[in-house]
Amino acid sequence: MSERNGALVHIERVNKTFRRGAEEIHILSQLNLEVPQGEFLALMGPSGSGKTTLLNLIGGLDRPTSGSVRIGGDSIDQMSNRRLAAWRARHIGLVFQFYNLLPVLTAERNVELPLLLTGLSSSQRRRHVEAALSVVGLTHRAKHYPRTLSGGEQQRTGIARAIVTDPTLLLCDEPTGDLDRKSGDEILALLQALNREHGKTIIMVTHDPHASARATRTVYLDKGRLSSEKPE
Amino acid sequence: MRGLGLVLSNLKRRKLRTALTMLCIFVAFVLFGLLCALKEAFTAGVTVAGADRLIVRHKVSLIMLLPVTYGPRMEQVPGVSAAMHFTWFNGIYQNEPKNFFATMPVTPERFLDMYPEYVLPDDQKKIWLEKRAGAIVGRTLAERFNWKIGDRVPLTSPIWPHKSGGAWEFEIVGVYDGAEKGTDTSGFYFRYDYFDEGRAQGEGMVGWYGVRVNDPDHADAVARAIDAEFANSPYETKAEPEGAFAQGFVQQIGNVSTMLIAILSAVFFTILLVAGTTMAQAVRERTAEIGVLKAVGFGNGRVLGLVLAESLVMTAAGGLTGLGAAWLFTAQGSPVPAMLPVFYLPTDALIVGVGMVLALGIAAGLLPALSAMRLPVAVALRKHV
């Protein structure tokens with residue numbers, strides 16, 4: 001679903017402003033970004049630079065104050081909440097820093113969540129869940145609750161949940177931020193494999209240069225603006 | 001696992017809190033069921049009262065007697081098809097005051113003709129007509145004392161002592177059932193001729209009359225005509241429809257319906273607060289999870305539905321089992337048959353109860369569901385699961 005020029009993500013002159021009382025805080029200013037299909041993009045920047053806000057705009061979790069966000073030709077900033085939710089279900093896979101698994105559901109039930117919005121039968125959903133868990137190497141922990149899984153296993157469950165619907169775009173917000181180096185490396189290797197072997201387009205927010213080194217391109221966000229050069 | 005699986009999993013998150021809330025709802029609906037049965041017990045006479053029947057009593061008080069000769073005179077009043085007298089006998093079994101029940105002498109054929117809600121098999125009716133000391137008892141009363149047909153039952157009466165100075169001897173010749181669910185089957189009826197012959201005083205006097213009219217629409221006019229017939233006599237009468245008479249009896253206790261509604265309103269308001277607080281807490285604790293659901297594509301409507309469904313499942317589990325328990329309890333019969341002979345949970349009260357379960361579920365879950373629905377996904381995700 002890439003656009004004619006090959007960019008899957010097309011962000012043009014996006015501004016994002018938050019209001020805190022009488023004060024206006026400009027998070028993103030006149031920001032432009034294009035991400036081609038199949039790219040593994042690392043988005044770096046200091047805390048409070050707006051990385052997560054940008055990721056939320058790309059994922060349709062938030063709306064820009066002005067400017068346009070087009071993903072694969074869909075102007076998501078123009079969509080109603082209802083259409084946007086359906087669009088997210090179809091096109092976006094999200095991986096969070098703190099995994100955000102539902103503690104009352106087993107790993108396989110967590111992975112199944114996005115499939116509940118599809119018309120798939122129970123057996124079809126089970127097959128998809130098994131496939132996703134097998135990609136992340138967690139089939140043997142399918143029946144376990146999150147509290148009995150290690151951090152790395154929880155994150156792999158989160159990735160399985162993100163890919164189970166075969167989304168167009170995978171958005172990862174500090175996916176290794178809560179993990180030790182070894183587990184972090186395993187998660188990065190998994191993301192890299194998803195990009196290389198399965199052709200997934202990935203945008204990953206990270207603080208960690210070690211993580212960004214796994215990406216095919218790194219961009220830096222500072223004071224609301226993007227640059228391909230690391231700021232001083 | 002579709003939505004319901006997710007709802008059930010969420011309810012299991014804080015098992016103790018969910019269980020205690022369900023228990024509160026359970027108790028409230030048991031109370032609802034029992035109070036409805038109690039209301040039915042008090043008002044059963046009103047409900048099953050014949051529209052075509054009047055009660056005629058002494059103008060001053062029910063406890064003052066009327067002559068037995070009034071019966072044929074009432075039957076001469078235009079619009080009256082039959083008149084039947086009753087007298088409160090106040091029978092006591094085995095000289096135990098707690099073994100007290102409604103005991104009345106009647107004229108058998110006329111009694112069964114005027115009160116078709118008392119169903120007596122023909123063979124038993126035939127024997128009752130033959131045996132002067134024969135008595136028929138309601139099914140509830142027979143079961144209470146384990147009486148069977150042929151049993152001899154001695155009763156004493158503080159109002160009507162036997163002229164011999166001993167107990168009144170009766171033989172059970174029939175057991176009647178109620179034609180309707182609300183029919184009182186705790187009565188003991190025996191023959192008036194046996195009573196009048198055996199009593200030590202008051203011969204020829206009876207307690208009150210039941211009068212059947214030809215046209216229920218003219219019942220009030222017939223009642224006025226009966227009262228006019230006996231005006232300025234030593235025994236003036238007061239005639240009124242059977243339903244109004246029963247209603248007046250109930251109102252001696254107070255306005256039962258209003259009292260019950262007041263109690264239930266207080267109970268349900270409290271339960272609404274309990275269930276509403278539980279749901280609000282449950283949603284507040286799950287802010288990030290609601291964010292995750294929205295992030296993976298659950299729309300606002302679906303999130304609203306999930307929270308409402310959770311509230312409904314919780315109230316239904318507590319409320320319906322509570323109604324079921326109340327129904328089971330009342331199905332065993334009256335715990336105090338002497339005081340409340342009719343005691344059951346009416347079907348319409350069950351239907352109202354189910355409606356209240358649904359209303360409680362929606363009311364308790366609505367505000368938390370709306371707040372979950374309106375929660376911006378990016379804001380919700382800032383909280384950790």
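**How are H10(B) and H13(B) oriented relative to each other: roughly parallel or roughly antiparallel?**

## Helix packing in chain B

H10(B) and H13(B) are roughly parallel to each other (angles under 35 degrees count as roughly parallel, over 145 as roughly antiparallel, 65 to 115 as roughly perpendicular and the rest as oblique). Before going further, a word on what you're looking at: this is a predicted model, where local features need pLDDT of at least 70 and side-chain atom pairs count only at pLDDT 80 or more, while totals for chains, interfaces and linings use all residues. Residues are numbered from 1 along each chain as its sequence is written, and chains are lettered from A and ligands numbered from 1 in the order in which they are written.

Back to the pair. Helix H10 of chain B spans residues 256-285 and helix H13 of chain B spans residues 347-374; they pack at an angle of about 30 degrees, with axes 8 Å apart. On the H10(B) side the contact includes Phe268(B), Ile271(B), Leu272(B) and Met279(B), and on the H13(B) side it includes Leu360(B), Ala363(B), Gly365(B) and Pro368(B). (Two residues are in contact if their C-beta atoms, placed from the backbone, lie within 7 Å.) The tally for this contact is 13 nonpolar, 3 polar and no charged residues, where Ala, Val, Leu, Ile, Met, Phe, Trp, Tyr, Cys and Pro count as nonpolar, Asp, Glu, Lys and Arg as charged, and the others, Gly among them, as polar.

H13(B) also packs with helix H12 of chain B (residues 300-331), at about 150 degrees and with the axes 7 Å apart. That makes H12(B) roughly antiparallel to H13(B). This crossing of H12(B) and H13(B) is right-handed, and its contact residues split into 20 nonpolar, 7 polar and 1 charged.

## The sheet in chain B

Chain B has an open sheet of 4 strands, ordered S3-S12-S1-S13, with antiparallel pairing. (Strands pair if DSSP finds at least two bridges between them.) Strand S3 (80-86) and strand S13 (237-241) of chain B sit at the edges with a single partner strand each, so one side of each has no neighbour in the sheet. Strand S1 of chain B (residues 53-58) pairs with S13(B) in the antiparallel sense over 5 bridges, and Ile55(B) has Glu240(B) as its bridge partner in S13(B). Helix H8 of chain B (residues 219-229) lies across S1, S3, S12 and S13 of chain B, running at about 170 degrees to S13(B).

## The sheet in chain A

Over in chain A, an open sheet of 6 strands has the order S6-S7-S8-S3-S9-S10, with mixed pairing. Its edge strands are S6 and S10 (225-227) of chain A, each pairing on one side only. Neighbouring strands of this sheet are turned by 20 degrees against each other on average, direction ignored.

Strand S7 of chain A (residues 169-173) is worth a look: 5 of its 5 residues are buried, so the strand is largely enclosed by the rest of the structure. (Buried means 20 or more other C-beta atoms within 10 Å of a residue's own, exposed means 12 or fewer, and partly exposed is in between; C-beta atoms are placed from the backbone.) In a regular strand the side chains alternate between the two faces of the sheet. Here Leu169(A), Leu171(A) and Asp173(A) point one way from S7(A), while Leu170(A) and Cys172(A) point the other way. On one pairing, S6(A) (residues 92-95) runs parallel to S7(A) with 4 bridges, and Leu94(A) is partnered with Leu171(A). S7(A) also pairs with S8(A) (residues 201-205) in the parallel sense over 5 bridges; Cys172(A) stands opposite Met204(A), and Asp173(A) stands opposite Val205(A). Helix H6 of chain A (residues 181-196) lies across S3, S7 and S8 of chain A, at about 150 degrees to S8(A).

## A buried helix in chain A

Helix H1 of chain A (residues 51-58) has 8 of 8 residues buried, so H1(A) is largely enclosed by the rest of the structure. Among the buried residues are Lys51(A), Thr52(A), Thr53(A) and Asn56(A). After H1(A) comes Gly60(A), with a positive phi near 70 degrees.

## Where the chains meet

The contact takes 23 residues from chain A and 20 residues from chain B. Helix H2 (81-91) and helix H3 (107-112) of chain A each supply at least two residues to the chain A side, and H2(A) gives the most, with 6 residues. The chain A side divides into 15 nonpolar, 3 polar and 5 charged residues.

Definitions and conventions. Axes are lines fitted to C-alpha atoms, for helices over the stretch in contact, and angles run from 0 to 180 degrees between N-to-C directions. A crossing is left-handed if the near helix is turned anticlockwise from the far one by less than a right angle, and right-handed if clockwise.
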